[in-house]
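The sequence and structure come first, and the description follows.

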Amino acid sequence: MAASKPVEPAGGGAPAGLSRCSWRLVLGAPILLGAGPSTCGAAGGAAREGASERKTPEGGASPGPGGDAGSGQPDGPGHEEMSPLGRAQAAKNKGNKYFKAGKYESAIQCYTEAISLCPPEKNLDLSTFYQNRAAAYEQLQKWTEVAQDCTKAVELNPKYVKALFRRAKAHEKLDNKKECLEDVTAVCILEAFQNQQSMLLADKVLKLLGKEKAKEKYKNREPLMPSPQFIKSYFSSFTDDIISQPLLKGEKSDEDKDKEGEASEVKENSGYLRAKQYMEEENYDKIISESTKEIEAKGKYMAEALLLRATFYLLIGNASAAKPDLDQVISMEDANVKLRANALIKRGSMYMQQQQPVLSTQDFNMAADIDPQNADVYHHRGQLKILLDQIEEAVEDFDECIRLRPNSALAQAQKCFALYRQAYTGSNALTVQAAMKGFEDVIKKFPKCAEGYALYAQALTDQQQFGKADEMYDKCIDLEPDNATTYVHKGLLQLQWKQDLDKGLELISKAIEIDNKCDFAYETMGTIEVQRGNLDKAIEMFNKAINLAKSEMEMAHLYSLCDAAYAQTEVAKKYGLKPPTL
């Protein structure tokens, strides 16, 4: 699809071996080098202690004078001979009975008595009593009291998982997202990423924090023009886009014109034609201003200028400015149908980036209705269908694109990728084999299509055919030596294949050298630095990626990664907890 960023599975997305659940990697779950693409850190393992709702109070924390810590009786003969700890345990046991009966106020009174009776040097027992009282407060939804008692419990027993998790939930209820994240990060590390409940809470809080920060940052961000390579890659995904076509001979300059009719266009002093000239010269910063001149003058190329300006607004990440221009082009019934269809494709892609799939689908369907012979509509709608996991419909769209443009190498490569995805997720060995043969046919038929090699390399990596995948990435680099994302993928392959950290980082650094605006490279570098334990360096990389993000959704994801790394630094300072590193 086309929006501020083209959807290209060979670049800008999550690579095989480093999936988009990378917040777990940033929290410290180790990359399983050599594992397939469905592996995501240590997630998905059997839950350890605490996987339930953790609503029940604790039993005894340490043995009392007579043996079992829970053996003391709350009342009855011999009560006066019990030790202070025994009396405290008896009060706690009485509180547990009230708790199980749903009498939480009475349970709180008993736990309070246990706290007052317990000798101050009995840290573990005291921490249990505070945690139990917090559990009772939780049932009454007294979140401030829950957080306070859990804090006491953690001060007495810094690695007390139940208290940390209960406090995390209380902070969530109190909208203390930063504090919640720090607590649940500690829990994830202590439980070795084996508890789904704590990991889901971490995921939830990171997403909320990321969205909040991205909304504020994106609103006030400075527009940033992508690299020339990115812009050229974006426009190469269209074949029926009038605004990306080269200037005609009669449009270029006065000295090229020797016919009276041709000279008249220059005398009009068209801002749009100047913008097109700047585009050919890769002088992209002047395109919006020149298009604006054409629009304000209501020149003959007004529809083209509106679409060109909207396109560059999308490229610099200013969707709110792009939308009115796209709306106007779409509503111009006397405009060239190719312009209107292209505007619908771009608006539909913008909606998808904004996570509005219904509006996106409507725009693509309208484009197909008004311009059914436009191959771009089916090509980009096919990519939308892949994102929506509607693989059969995606294949149908790619087939229609190929019917209209038999030499569309991109559509044929992406059709193969869609068929491979369908076969891989269905675990059908025969269809996987057929899809892999399809890639071979595409690169044989279109040996100069870098996208074909890149998508084939991803499929080969999934199949753990690492050597051949490496060869495919080399073919990509030969064809497009300035494509930074290919170097990132090749670098990740070295990690998964050979566990060669130095070579992987060297290739990703090369990507940044080629394109210092490649947010994907900075994001990947940051994730690897977390795995190496270099949290400050990781945060630096994530912040660079944040400043380059081309959509609010991308920025929210990057903030989630950055916040996860920052939470780790705080947990390391407070509790001395560090996850395993590479």
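## Model and confidence

pLDDT is the predictor's confidence in each residue, on a scale from 0 to 100. The model is predicted, so local features are taken at pLDDT of at least 70 and side-chain atom pairs at 80 or more, while totals for chains, interfaces and linings use all residues. Residues are numbered from 1 along each chain as its sequence is written, and side-chain values use heavy atoms, with hydrogens and water left out.

The average pLDDT of the protein chain is 85, and 82% of the residues score at least 70. In residues 28-53 the pLDDT is below 50, and this stretch has 67 contacts in the model beyond near neighbours in sequence; a contact means heavy atoms within 4.5 Å. Residues 60-80 also have a pLDDT below 50, with 30 contacts beyond near neighbours in sequence.

## Overall make-up

The protein chain has 27 helices and 0 strands. Helices (H or I, at least four residues) and strands (E, at least two) are DSSP runs, numbered from the N terminus.

Of the 582 residues, 56% count as buried. Buried means under 20% relative accessible area, exposed means over 50%, and partly exposed lies in between, with a 1.4 Å probe and protein chains only. Among contacts between residues at least 6 apart in sequence, 62% join residues at least 24 apart.

## An enclosed helix

The buried residues are Q229, F230, I231, S233, Y234 and F235. What covers them includes α11 (271-280), α13 (302-315) and α15 (337-353).

## An exposed loop residue

N269 lies in the loop between α10 (260-267) and α11. Its relative accessible area is 53%, so N269 is exposed. N269 and G299 are 30 residues apart along the chain, and their C-alpha atoms are separated by 9.4 Å.

## Helices α18 and α19

Helix α18 (residues 391-404) and α19 cross at roughly 160°, and their axes come within 9 Å. Axes are lines fitted to C-alpha atoms, for helices over the stretch in contact, and angles run from 0 to 180 degrees between N-to-C directions. The two helices are therefore roughly antiparallel, a label for angles over 145 degrees; under 35 is roughly parallel, 65 to 115 roughly perpendicular and the rest oblique. The crossing of α18 and α19 is left-handed, meaning that the near helix is turned anticlockwise from the far one by less than a right angle. Among the residues making the contact are V395 and F398 of α18 and A418 and L419 of α19.

L410 is in helix α19 (residues 409-425). At 23% relative accessibility, L410 is partly exposed. Leaving out residues up to four places away in sequence, L410 touches S236, S237, H379, C449 and E451. L410 and C449 are 39 residues apart in sequence, with 7.3 Å between their C-alpha atoms.

## Helices α25 and α26

Helix α25 (residues 519-532) packs with helix α26 (residues 535-548) at an angle of about 160°, with axes 8 Å apart. α25 and α26 are therefore roughly antiparallel to each other, and their crossing is left-handed. The residues that meet include Y522, M525 and V530 in α25 and L535, M541 and F542 in α26.
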